[in-house]
Amino acid sequence: MSAADACLACGGALGRGPALEYGRALAVCGQCGHGVLTPPPSDAELDAAYRGAYGNEGSKFRPLIERAVRLAARREAGELAALLPAANRSVLDVGCGRGLLLGALAEAGISCVGVERSRDAALGLDPRVQLVVAPSLEDAALLPASFGAITFRHSLEHLRSPLAALRAAHALLAPGGALIVEVPNLASMQARALGRHWFHLDPPRHLHH
């Protein structure tokens with residue numbers, strides 16, 4: 001088995017999974033269940049896939065749904081604020097998008113930084129949030145041990161090197177800090193029921209599952 005055929009999570013063998021859109025398939029580890037989009041898209045393909053995918057000036061949904069999403073972000077901000085160590089009230093959100101969570105945190109007086117691959121991806125970001133544009137967290141040139149919490153909210157699955165991103169996040173966390181990761185679950189009932197039509201497969205943007 002070559003390194004290219006090995007699961008990055010556990011080293012197990014990747015088996016060919018369901019065929020997806022854009023001429024790609026999902027390769028799934030028979031040992032731990034980690035899935036990888038294959039073949040991986042080029043940078044140009046990703047740029048095209050992300051272009052126009054962020055809504056109009058920070059608004060993505062119909063008004064009623066948009067209001068519910070913003071209420072959920074405020075609730076989540078309160079839960080996250082409670083996890084911050086007293087000595088470091090700052091939050092980094094990797095793949096922040098339009099930054100609803102960071103906006104709610106900034107409103108509560110918490111120092112916020114968001115990392116995105118382009119400025120277009122952060123349309124609508126609260127002006128109190130510092131935006132860092134970088135192709136990856138490793139390239140963001142942030143100070144070590146400088147954040148009380150770091151979040152990957154449905155962003156880790158978009159990264160080419162999720163393990164490298166997690167290692168970089170570990171170095172950026174202050175003592176007592178919290179790392180919060182939210183990702184779609186490939187083993188969920190929803191994923192199993194919908195198969196190749198599961199919304200969160202999202203090729204070619206979701207590279208890992």
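Leucine 26 has leucine 37 of strand S3 as its bridge partner. Strands S2 (residues 25-29) and S3 (residues 35-38) run antiparallel and are joined by four bridges; two strands count as paired if DSSP finds at least two bridges between them. Helices (H or I, at least four residues) and strands (E, at least two) are DSSP runs, numbered from the N terminus. Five residues lie between the strands of this hairpin, where glycine 33 takes a positive phi near 90°. The structure is a predicted model, in which local features need pLDDT of at least 70 and side-chain atom pairs count only at pLDDT 80 or more, while totals for chains, interfaces and linings use all residues. Residues are numbered from 1 along each chain as its sequence is written, and side-chain values use heavy atoms, with hydrogens and water left out.

Histidine 209 is in contact (heavy atoms within 4.5 Å) with residues including Leu26, Gly33, His34 and Gly35, its neighbours within four places in sequence being left aside. Because its relative accessible area is 15%, histidine 209 is buried; buried means under 20%, exposed over 50% and partly exposed in between, with a 1.4 Å probe and protein chains only.

The largest nonpolar core has 19 residues, and Leu80, Val91, Leu102, Leu105, Ile110 and Cys112 have the most contacts inside it. Such a core is a set of buried Ala, Val, Leu, Ile, Met, Phe, Trp, Tyr and Cys residues joined through side-chain atoms within 4.5 Å. Helix H2 (63-81), helix H3 (100-107) and strand S8 (173-182) are the elements that give it two or more residues, and H3 gives the most, with five. A second, separate core of 18 residues includes Phe147, Phe152, Leu172 and Leu173. In soluble globular proteins, nonpolar side chains tend to be buried together.

Leucine 102 touches, among others, Val91, Cys112 and Val129, leaving aside neighbours within four places in sequence. Threonine 151, in strand S7 (residues 147-153), counts as buried because its relative accessibility is 1%. Beyond residues up to four places away in sequence, threonine 151 touches Leu80, Leu92, Asp93, Val94, Leu101 and Ile180. The C-alpha atoms of threonine 151 and alanine 81 are separated by 12 Å, although these residues are 70 apart along the chain.

Valine 183, by contrast, is in the loop between S8 and helix H5 (189-194), and counts as partly exposed because its relative accessibility is 43%.
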